[in-house]
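Trainee: Please give me a close look at one part of this model. I would like the helix packing, with the contacts spelled out.

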Amino acid sequence: MGNLIFKDNTQAMYDKILELAPKPFRVTTKQQMDQALIETFGENGEVTEEKFMEIVKAKIPKAFIQVALNALEPLISKTP
């Protein structure tokens, strides 16, 4: 996946998405997320929470998107 730099809580968010994926689909989910991250940020880019959430909304099947968003909500950094 290159040397992406995960800003704020994006690493935890990435891990949560993989954890939520049903076991038979984890490899495919990881491949799709990795590809989307590299396409969006390049091999050495900085992954931001805002863009990560956009990727999640675009890549997660519609039937599971609300579950994913609910699981990621507590991980979003709160800015004062």
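Mentor: What follows takes the helix pairs in turn, then the pocket.

This is a predicted model, in which local features need pLDDT of at least 70, side-chain atom pairs count only at pLDDT 80 or more, and totals for chains, interfaces and linings use all residues. Residues are numbered from 1 along each chain as its sequence is written, and side-chain values use heavy atoms, with hydrogens and water left out.

Start with α3 (residues 49–59) and α4 (residues 65–72). Helices here are DSSP runs (H or I, at least four residues), numbered from the N terminus. The axes of α3 and α4 come within 10 Å and cross at roughly 160°. Axes are lines fitted to C-alpha atoms over the stretch in contact, and angles run from 0 to 180 degrees between N-to-C directions. The pair α3 and α4 is therefore roughly antiparallel. The cut-offs are under 35 degrees for roughly parallel, over 145 for roughly antiparallel, 65 to 115 for roughly perpendicular, and oblique for the rest. The crossing of α3 with α4 is right-handed (the near helix is turned clockwise from the far one by less than a right angle). Phe52, Met53, Val56 and Lys57 of α3 make the contact with Ile65, Ala68, Leu69 and Leu72 of α4. Contact means heavy atoms within 4.5 Å. The α3–α4 contact has seven nonpolar residues, no polar and one charged. Nonpolar covers Ala, Val, Leu, Ile, Met, Phe, Trp, Tyr, Cys and Pro; charged covers Asp, Glu, Lys and Arg; the others, Gly among them, are polar.

Now bring in α1 (10–20). The axes of α1 and α3 come within 10 Å and cross at roughly 15°. α1 and α3 are therefore roughly parallel. Their crossing is right-handed. Thr10, Met13, Tyr14 and Ile17 of α1 meet Glu49, Phe52, Met53 and Val56 of α3. The α1–α3 contact counts six nonpolar, one polar and one charged.

α1 also packs on α4, at about 140° with axes 10 Å apart. That angle makes α1 and α4 oblique, by the same cut-offs. The α1–α4 crossing is right-handed. Met13, Lys16, Ile17 and Leu20 of α1 meet Val67, Ala68, Ala71 and Leu72 of α4. The classes are seven nonpolar, no polar and one charged.

Last, the pocket. The largest pocket has a volume of about 330 Å³. Its lining has 11 nonpolar, three polar and one charged residues. α2 (26–41) is among the helices that each supply at least two lining residues. α2 gives the most, with four.

Conventions
1 Å grid on protein atoms, 1.4 Å probe; cavity = no way out; pocket = protein on both sides within 12 Å on 5 of 7 lines; lining within 4 Å. Points joined across faces, edges and corners; volume = space filled by probe spheres on them.
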